[in-house]
Structure formats: structure tokens, C-alpha cells
Amino acid sequence: MEIDLTTLESRHAHDLLTGSIIPRPIAWVSSMNENGDTNLAPFSFFTGVSWNPPVIAFSPVNRPDGTRKDTVINIEKIPEFVVHMVSVDLLHPMESTAKSIPYGKDEAELKDIHLVESTTIRPKRIQHAKIAFECILEKIVRISEGPEAGNLILGRVVMAHIDDDLILNDREINSKALDPLGRLSGKFYCHTRATIESEKN
Ligand SMILES: Cc1cc2nc3c(=O)[nH]c(=O)nc-3n(C[C@H](O)[C@H](O)[C@H](O)COP(=O)(O)O)c2cc1C
């Protein structure tokens with residue numbers, strides 16, 4: 001079957017991409033508005049893009065009415081944010097922050113998620129995330145304007161908070177201890193508890 005994406009309805013393109021690009025890690029992002037309220041939201045269009053300098057990227061798409069999501073509005077005003085990695089045990093708290101709430105409401109307070117001060121930036125971080133990256137905005141790449149157009153947010157990682165029991169040999173991350181949650185499509189997720197060791201390495 002061939003599918004022409006130049007004429008495809010955007011919901012169908014969404015299903016095609018999110019069903020094919022799997023599994024995806026989830027960036028659980030905390031940002032801050034000018035009043036100091038914390039906004040939390042998950043984004044699975046997420047990856048690392050450079051390690052010298054260390055830069056990671058995620059992409060909030062515009063809402064169906066073409067307006068920007070709160071995370072983008074916040075980062076445009078206060079160009080700092082924290083990206084947390086999501087472990088399997090954080091599935092439900094993470095999902096609870098994907099629902100729209102009125103702009104400016106402190107999301108963590110509403111969802112009973114415990115925040116602590118970051119070390120180098122203003123937005124707070126989630127205490128129970130096993131890995132948190134404090135980031136400073138590098139740039140926002142607007143893919144297009146209008147409904148569901150992406151805003152690729154690139155952030156330079158300036159500080160990492162990593163649970164001590166995740167660290168192997170002083171610098172490697174123990175993926176078993178991290179127990180990362182992967183995003184599939186629809187309501188499905190996966191874990192990485194069954195791993196494959198390549199004999200060629
Ligand atoms: C696991 C998961 C992954 C998501 N990934 C994305 C994504 O990559 N891009 C996006 O725009 N929305 C994504 N969403 C939806 C946003 O989290 C949701 O629109 C949220 O309300 C945005 O919050 P904000 O307006 O506070 O920024 C995802 C939701 C879930 C549960």
C-alpha cells in the first residue's frame with residue numbers, strides 16, 4: 001500500500017506517524033509562567049540531537065484551533081525548562097498532566113505531584129523522576145503555522161539530576177533501574193524489561 005502524505009488529512013498523518021515511530025521515549029516537561037506557576041506536560045515527539053553541546057528536543061504541536069500549547073507559551077516567555085524521563089511507575093501521574101487545564105493554574109499543585117527547586121534554572125523539577133535535565137532554550141523551530149503544526153523546542157542541557165542507584169561505573173545509566181516507559185500509539189505503552197544483547201558488539 002502506498003499512502004500519499006501530501007494530500008492526507010492531518011489526523012490520518014498523526015495515526016500513521018505515531019503508530020510507526022515506536023516506541024518513543026517521553027519528555028515530561030516542566031515550564032514556568034511569569035507568575036511563577038508550574039506547567040507540566042508530556043511529549044513523546046522527543047529525542048536527543050547533539051552531545052557537544054548536549055541538546056535535546058521535543059515538539060508540542062499547536063492545538064486544533066491553531067493556538068500554541070501552554071508549554072510553548074511559557075518557554076517563549078521564560079526560556080528555561082526541565083525535561084524528566086518517565087519511568088513505568090510514573091505512567092498515571094504523567095498522564096494526568098496531559099489534560100488541558102486553564103492557563104496559569106499550577107498543575108503540580110492540582111495533581112499532587114511534588115516539586116523541588118532546580119539548581120540552575122527557575123522552573124521547578126519533579127522530585128520523584130529518576131532523571132531530570134535542566135535545560136536552557138537554544139531555539140524554537142516552527143515547522144508551520146496553524147492547527148497541529150509542530151514547534152520543535154531545542155534545549156541545551158546544563159544540569160542533570162540522576163538517582164544514585166541508576167549510575168553504573170560512575171557514568172553509565174542502568175536502564176533496568178530506570179525502567180523507562182515507552183509510548184506506542186493510542187492508549188498503549190511499553191517497557192524495556194526484555195532486552196536484546198547484540199553479539200556483534
Ligand atoms: C504520553 C503522551 C505523549 C504526548 N506527546 C505529545 C507530543 O509529542 N506533542 C504534543 O503536542 N502533544 C503531546 N501530548 C499531548 C500533550 O501532553 C497535551 O496536549 C498537553 O495538554 C499539553 O499541555 P500544555 O498545554 O500544558 O503544554 C502527549 C500526551 C501524552 C499522554
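In what order do the seven strands form the open sheet?

1. The open sheet runs β2-β1-β5-β8-β9-β4-β3, with antiparallel pairing; strands, as DSSP runs of E of at least two residues, are numbered from the N terminus, and two of them pair if DSSP finds at least two bridges between them. Because β2 and β3 (46-51) stand at the edges with a single partner strand each, one side of each is left without a neighbour in the sheet.

2. This is a predicted model, in which local features need pLDDT of at least 70 and side-chain atom pairs count only at pLDDT 80 or more, whereas totals for chains, interfaces and linings use all residues. Residues are numbered from 1 along each chain as its sequence is written.

3. β1 and β2 pair in the antiparallel sense over six bridges, and L40 in β2 is the bridge partner of S30.

4. Leaving aside neighbours within four places in sequence, V29 is in contact (C-beta atoms, placed from the backbone, within 7 Å) with A41, F43, F58, T71, F81, V82 and V83.

5. S87, in the loop between β5 and α3 (91-96), counts as buried because it has 21 C-beta neighbours inside 10 Å, the cut-off being 20 or more. The C-alpha atoms of S87 and S175 are separated by 10 Å, although these residues are 88 residues apart along the chain.

Note on methods
Two residues are in contact if their C-beta atoms, placed from the backbone, lie within 7 Å. Helices (H or I, at least four residues) and strands (E, at least two) are DSSP runs, numbered from the N terminus. A residue is buried if 20 or more other C-beta atoms lie within 10 Å of its own, exposed if 12 or fewer, and partly exposed in between; C-beta atoms are placed from the backbone.
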